[in-house]
Amino acid sequence: MKKIFCALLTLSILIGCMSVLTLPVYAAKPKAPLSVTYELKNDTDGFAEGDIVVTVEASETTGKEVLIFWGKNGAKLNGYSYLAKHKITAAETKVSIAPGILIPPGAEQILVYVRNIDGSGITTKPFTVDLPENAATRDFGEAVAEFQVVSDIHVTTETGSRYVNYSKHYQNMLKSVVSKSGDKSLGIIINGDITQNGIPEEYRLMKSLTEEVEGAPDLYLSVGNHDVWGVWRDLMTMEQSDKLFLGFTQLPDGSKPTDTSYDFWLGGYHFIILSTDTFSTLNATFKRSTLNWLDEKLAENYDPTRPSFVFVHQTIRNTVGGSYPEQTDFDTNDRTGVMNWVQLKEVLAKYESAMVFTSHSHWSMYSGTSMFTEEDQPYYFNTAAVAYICDDYNKVTGESKYDESQGYFIYIYDDRTVIRGYDFVKNVWISGAQFAVQYKEYVPPVETTTAATTVAAVETTPAPQTTAAEEKSGCGSSVVMALPFTTLAVTAGACVSVRRRKKK
C-alpha cells in the first residue's frame, strides 16, 4: 500500500512540474518565396531603382519578413549588408528601391530570403534572380579625393554601459577610417553633437580618445544641440559655449575658426559648416545675415559640374529619414530641426551641385530614406549617428539601438561623387545607402600656368535686426592647381574664410 501511495505521489509531482515548466517551442522554418521579380527602371546605368515583387504562400503572410541581399554565384556579396527588409502582410509584397542607390560592383543577382520576424528561422536557400548583364555599376577606380562624414558621437564622462558604448563606437569609427582610407582621407567632418553635455571634460575626453587612435585624420566640427547643453544647465553662457567649441576645432591650416559657422577649401573643394544662431536644447534657427553669408559662400567659384559640401546638424524638414512630422514624438517636426527651414531651402535651392548633410535624428541608414533630391535641387543626406541609432522598422517614431553605429565614406571622382554608408559595428557597407551623384556635365581638366584669381574677401550686409558681420579671407599666398572642371587658386594649405558675428 505504501509503495502504491509513493508511486501516485511521484506521478502527481511530475504532472505538477510539467504544468509549471514551459517547454521551448520552435517556430517552423519559413518557406521560400513562390516567385520573385525585379523590374529595374534602367538596367544599364548602375542604379538599383526599381520594384522587387515577392510572392509567398498564404500560410507565410503572418510573422514573416523578406530579406533581400546582393549576390554573386548564389552567395551573398561579400562585405555588404542586406539591401532591404520588409514585413510580409499579404501574399504579394512589393519592395521599392529608391533612386540613387547603386548596384555594387560585382553584384550579379539578388537573393531573397523569408525569415521569421523574431529571428527564429530563415529559409535555407534564397530565391535567386539574375540581374541583367552589365547592370552593376562599374568600378570607378581611384578617387580624386575622399573624406568621411559622421555625426552624433556624444562623447561623455557620464558612467553606465550605454555611455561607455559611445566612446567605444567613436574610437571604432576612427579605426575603420584609418583602416579603409589611411592617409588618403582629407579629414572627417563630425556634424554636431560632439559631446553629450557640452562641458570641457567631454571635449577633453574626445581629444584624448582621438589621440589614442594612431593615424586618425584631421577633424572638422560643427555645433550640435547637445554641444550647447552647458548653457541649458546654467554652467556657462552661449558666448562661453562657443569659445569652448572653437578651442577644440580647427581649420585645414591648423588655425582656429573665429565663428561657429565657417567655411574652407580643402583638396580643391568647398566645405561650409553652418551652426545655429540662437540657443535651443533641440532646434536651430538662422538669422538672415547667416543665410546671406551661406548664399555668398555657395556662390564663390560656384560650378554646377563640381560638388560643394554643406553641413547642418539639425534636420531640414521633409527631406531625409527623421525629418518628417510623423517621425517625431513632438507636436511638429519644427521642434527637432531647423525652425526656418523654408528660408534655408530657398538659399540651397539655387545650387543644385551642393550636397547637404544633416544629422540630429540618428535615423538609421537601413531605413532606405537616407538621400533626397528633387529636379534641379541639391542632394540631401542623413548621416545617421556614431553613438547610437534610431530605427523605425517597428515604430514610426523610431527606437533607440545602442549597439549600432553608422557613417559615410565620401569618394570624389571626375564625373561623380560616391557616398557610401558604412556600419561600424558589423563592418559592412550598408547596401541601401550606397549612392552616386552624377555631375550635370563633365568638362576635362584644363592644364594652365596662368595665375588665377584668388577667392576674394566678402563683406556681409546683415539684416537690420542683426549686428554687422564681416568676411575675412585666410587664403594667404596662392598657387595654381589644375583641378577637374575648373582651375582654382588656392593656398599652399587651404583657402579659408570665416564669418564673424557677435553673439547675443
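Which residues are linked with Arg138 in a network of salt bridges? Select Arg138, Asp415 and Arg416: these three make up the network. A salt bridge here is a side-chain nitrogen of Lys or Arg within 4 Å of a carboxyl oxygen of Asp or Glu.

Before you click on, know that this is a predicted model, where local features need pLDDT of at least 70 and side-chain atom pairs count only at pLDDT 80 or more, while totals for chains, interfaces and linings use all residues. Residues are numbered from 1 along each chain as its sequence is written, and side-chain values use heavy atoms, with hydrogens and water left out.

**Stop one: salt bridges**

Side chains of opposite charge can pair when their charged atoms come close. Searching the whole structure turns up 9 salt bridges.

Pick Glu65 and Arg115 next; their side chains meet at 2.7 Å, N to O. Glu65 sits in strand β3 (residues 64–72) and Arg115 in strand β7 (residues 109–116), so this pair ties together parts 50 residues apart in sequence. Helices (H or I, at least four residues) and strands (E, at least two) are DSSP runs, numbered from the N terminus. Is Glu65 buried or exposed? Glu65 is buried, at 1% relative accessibility, while Arg115 is partly exposed at 24%. Buried means under 20% relative accessible area, exposed over 50%, and partly exposed in between (1.4 Å probe, protein chains only).

Now jump to Lys350 and Asp295, another salt bridge at 2.7 Å, N to O. Lys350 is in the loop between α7 (341–348) and β15 (354–358), and Asp295 is in helix α6 (residues 288–299), 55 residues apart. Asp295 is buried, with 18% relative accessible area.

**Stop two: rings**

Rings of Phe, Tyr and Trp (its six-membered ring) pair if their centres lie within 6.5 Å; planes under 30 degrees apart count as stacked, over 60 as edge-to-face and the rest as tilted. That rule gives 27 aromatic pairs.

Show Tyr388 and Tyr402: their ring centres are 4.9 Å apart and their planes lie at 45°, so the pair is tilted. Tyr388 is buried at 15% relative accessible area, whereas Tyr402 is partly exposed at 29%.

To count, NZ of Lys or CZ of Arg must be within 6 Å of the ring centre and within 35 degrees of the ring normal. Lys76 does likewise over Phe69, at 4.2 Å.

Last, look for a cluster linked by ring pairs, with Phe147, Tyr220 and Phe435 among its members.
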